[in-house]
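The following note was prepared for a colleague who wishes to review the model point by point. Please read it alongside the sequence and the coordinates.

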Amino acid sequence: MKKYFVVSFDNEYDLVNATQEFKNSGFTLLDAFTPYAVHGLDKAMGLKPSRLSKICFMFAFIGLTIGLYGQYWISAVNWPINIGGKPWNSLPGFMPIAFETTVLFAGLGTVFTLLWRTGVLPGRKPKIYAPDVTDDRFVIVLTKDLRSFNSEKAEEISTIHHAVEWQEKLESE
Amino acid sequence: MTTENINILTYPQKLWLKIFMGLGVLTFAISVFTDPTRAWLNLLLSGYFLTGIGFCGMMMVAIHYVSNSGWDVVIRRVPEAMFSVLPIGFVAMLLLFFGMHDIYEWSHADVVANDPILAGKSAWLNPMGFMIRMVIYFVFWIWVGRKIISRSHAIDLDVDSSQPKSPTGLSAFWLYIGGIMFIFSSFDWIMSLEPHWFSTIFGLYNFSGMFTSGLAFIMIAVIFLRRTGILKDTVKIDHLYELSRYLFGFVTFWVYIWFSQHMLIWYANIPEETVYYIKRHVGVFGSLTVVNILLNWLIPFVILLFRKTKRNEKSLLIAASLVLVGRWVDLYMMIFPSHMETPVFSLIEVLMFAGTLAAFIWVFIKDFGSKKTLPEKDPYLEESLQLHT
C-alpha cells in the first residue's frame with residue numbers, strides 16, 4: 001500500500017516555491033494539483049517538455065499524405081473525369097481538401113493521444129487526494145517512500161512556505 | 001514630465017542613415033526625369049511599405065488594448081514609435097498626385113471615355129476621389145491613432161489627477177474603421193494599377209502582408225533595443241516568443257490568403273481574371289513568384305516551427321529579415337508587372353528602398369528615444385514583467 005504526503009497552499013506563488021524546494025531536497029513529487037494552469041510550475045517540478053507536438057506533426061503529415069494521395073488516386077488513377085478542362089492531377093485544386101485532412105488528422109490524433117497517455121478516458125474514476133483542490137486550494141502530493149522519507153524535513157518546508165495544512169494519506173482502492 | 005533623449009544610435013550610424021536617406025531622395029529626383037514610370041512605381045512601393053508598417057504599429061497597440069492583453073506592455077512603446085512613421089507614408093503617397101498619369105491608367109479622362117469598363121468604374125476611380133480618400137484615410141489613422149497613444153502616455157504623466165480615460169473604446173473604433181480603410185486603400189493604390197482586373201480578397205491579401213512585415217519590424221526592433229541595453233532588463237525572451245508565435249501564425253495566414261486568391265482565379269479560369277496571373281507566371285516574374293512564397297512563408301515557417309528557434313534571437317532575426325525582404329518582393333510582384341514586361345532591378349530600386357528603410361529607422365529611433373521606454377504606471381505592467389511562456 002502506497003503512502004502519500006499531501007500539502008495544501010492557498011496561493012500559486014507558495015506552491016511554486018515549495019515545489020522547487022521539495023524537488024531540490026530530494027523528495028519524490030507525485031504531482032501538483034491546481035485549480036487553474038500555473039505558469040512556471042512545470043519548470044519547478046522539473047518536467048520535460050511535452051512530446052505531444054511531435055505526435056501532432058506526425059498526424060498532420062499522415063493527414064496531408066492521405067489527403068493528397070487519396071485525391072490523386074481518385075481523380076487521376078481510378079476514375080479520371082475531365083472537370084472544366086483541368087488536368088486530372090490538379091494540385092492547386094487538391095490543396096483545400098489536403099489542408100482539411102491535415103487539420104482533421106492532427107486535431108483528432110493529438111486529442112486521442114493526449115487522452116490515452118494521460119489516462120483521462122471516459123468512465124475513469126478520478127483519484128482525489130485533497131477535495132479542496134476542486135475549489136481554491138493548490139496541492140502538492142509527495143510519494144512517501146517508507147525508508148527514506150524525511151517527515152520532519154517535509155513539514156519544515158511546508159511551514160516555511162505557508163502551507164495551510166498537510167496530512168498523510170493512504171492509497172485506498 | 002521631462003522627455004529623456006536617449007542616444008540609441010552612435011554617430012556613424014546616424015550619418016549612414018542620413019546618407020542613405022539623401023541617396024534615396026536623390027535617386028528619386030533623378031529617375032523621375034529619366035524614367036518617370038519606374039520612379040513613381042518605386043515611390044508607390046516605398047510609400048505603401050511605410051504606410052503598412054506604421055499602420056501595423058497602431059494596429060498592434062489597438063489590438064492589445066481591445067483584447068485586454070497584458071504581456072505586451074513592456075514592448076508597447078515599440079509599435080507606438082513605429083506608428084510615428086505614418087506621416088512620411090502620407091507625404092510619399094501625396095506626392096503620387098504628380099505621378100498619377102504615369103502609373104494609373106484610369107487617371108486619363110480620354111482613355112476612360114473610350115473604355116466602357118473604366119467608365120463604369122469612374123465613379124470610384126477618378127483623380128479627385130483618389131486624393132480625397134487618401135487624405136481621409138491618413139487623417140483618420142494618424143489623428144485617432146495619436147489620441148490613443150496620448151491616452152496611454154496620460155496614464156504615465158498624471159500622478160494623482162482625475163481618472164485617465166481608457167484607450168480601449170477608441171482602439172476598437174480605430175481598428176474597425178481603420179481596418180476597412182486599409183482594405184480600400186489597397187484597392188485604391190495597388191489594385192487600380194491594373195484597373196480592368198479585380199479581386200475582392202485583394203485587401204485582405206495586403207492586410208496579411210502588412211501584418212507580417214509589421215511584426216517582423218517589431219521583432220527586429222525589440223532585438224536591437226535589447227542588444228543596445230535599453231530594453232534589456234524588461235523584455236525577456238518570453239516576450240520575443242510571444243511575438244514569434246504571432247509571426248508564425250501570420251506568415252501562414254499570408255500564404256493562406258495568397259493561395260485563396262490564386263486558386264479561385266486558377267479554378268474559374270475567366271480571362272479577365274487570369275490576365276493578372278499570366279503576367280506573373282511567365283518568365284522571370286514567374287520565378288519571382290516562387291521566391292515570394294519561399295521568403296514570405298516556407299522558409300520563415302520552417303524556421304519558426306520549433307520551440308527552440310522561436311526562443312533564439314539569431315534565428316528570429318533571420319526569419320524576420322526574410323519576411324521583410326519578402327514583403328518588398330510581394331509588393332514588387334503586385335506593382336511592377338502592371339507596367340513592366342520583364343522585372344527591372346538596379347540601383348534605383350536598391351537605393352530608394354534603402355532610403356525608405358533609413359527614413360523609417362530615423363523616425364522610429366527619434367520617436368522611441370524621446371519618450372519613456374516603459375509605460376511605468378500601466379496597470380498591466382507587472383503582469384507583463386512576470387510573463388512566463
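The numbered points below treat the basis of the model, the interface, the salt bridges and some individual residues.

1. Basis. This is a predicted model, in which local features need pLDDT of at least 70 and side-chain atom pairs count only at pLDDT 80 or more, while totals for chains, interfaces and linings use all residues. Residues are numbered from 1 along each chain as its sequence is written, chains are lettered from A and ligands numbered from 1 in the order in which they are written, and side-chain values use heavy atoms, with hydrogens and water left out.

2. Extent of the interface. Contact is taken as heavy atoms within 4.5 Å. On that criterion, nine residues of chain A meet eight residues of chain B. The buried area, that is, the accessible area (1.4 Å probe) that two parts lose on being put together, summed over both, is about 860 Å² between chain A and chain B. Carbon and sulfur atoms give 77% of this area. On the side of chain A, the residues A:His39, A:Lys86 and A:Pro92 supply 50% of the area that the chain buries against chain B, more than any other three residues.

3. Helices are DSSP runs (H or I, at least four residues), numbered from the N terminus. Helix α4 (residues 91-118) of chain A gives the most to the side of chain A that touches chain B, with five residues. That side divides into five nonpolar, three polar and one charged residue. In this classification Ala, Val, Leu, Ile, Met, Phe, Trp, Tyr, Cys and Pro count as nonpolar, Asp, Glu, Lys and Arg as charged, and the others, Gly among them, as polar.

4. A salt bridge is defined as a side-chain nitrogen of Lys or Arg within 4 Å of a carboxyl oxygen of Asp or Glu. The rule finds zero salt bridges between chain A and chain B. A polar contact is a pair of N or O atoms within 3.5 Å; within protein, one must be able to donate a hydrogen and the other to accept it, and residues adjacent in sequence count only if both atoms are side-chain atoms. Two residue pairs are in polar contact across the interface, both at pLDDT 80 or more.

5. Salt bridges in chain A. Over all chains, the count comes to 14 salt bridges. One of them joins A:Asp132 to A:Arg137, with the closest N and O atoms 3.3 Å apart. Accessibility is classed as buried under 20% relative accessible area, exposed over 50%, and partly exposed in between (1.4 Å probe, protein chains only). A:Asp132 counts as partly exposed because its relative accessibility is 34%, whereas A:Arg137 is buried at 19%. Together with A:Glu165, these two residues are linked in a network of salt bridges.

6. B:Arg226 and B:Glu313 form a salt bridge, at 2.8 Å from N to O. This pair links distant parts of the chain, 87 residues apart: B:Arg226 lies in helix α9 (residues 202-228) of chain B, and B:Glu313 in helix α14 (residues 313-335) of chain B. Both B:Arg226 and B:Glu313 are buried.

7. Helix α10 of chain B. The expected span of a helix is 1.5 Å times one less than its number of residues. For the 32 residues of helix α10 (residues 237-268) of chain B this gives 46 Å, which agrees with the 46 Å between its end C-alpha atoms. Just after the helix, B:Asn269 takes a positive phi of about 60°. Within helix α10, B:Arg245 and B:Glu242 lie three residues apart, about one turn of the helix, and their side chains meet in a salt bridge (3.2 Å, N to O). B:Arg245 is partly exposed at 37% relative accessible area, while B:Glu242 is buried at 15%.

8. B:His262. This residue also belongs to helix α10 of chain B and counts as buried, at 12% relative accessibility. Its side chain makes a polar contact with the side chain of B:His281 (2.9 Å). Not counting residues up to four places away in sequence, B:His262 touches B:Tyr277 and B:His281.

9. B:Pro36. The residue is placed in helix α2 (residues 36-66) of chain B and is partly exposed, with a relative accessible area of 25%. B:Pro36 and B:Asp102 are 66 residues apart in sequence, yet their C-alpha atoms are 6.9 Å apart in space.

Technical notes: Helices (H or I, at least four residues) and strands (E, at least two) are DSSP runs, numbered from the N terminus.
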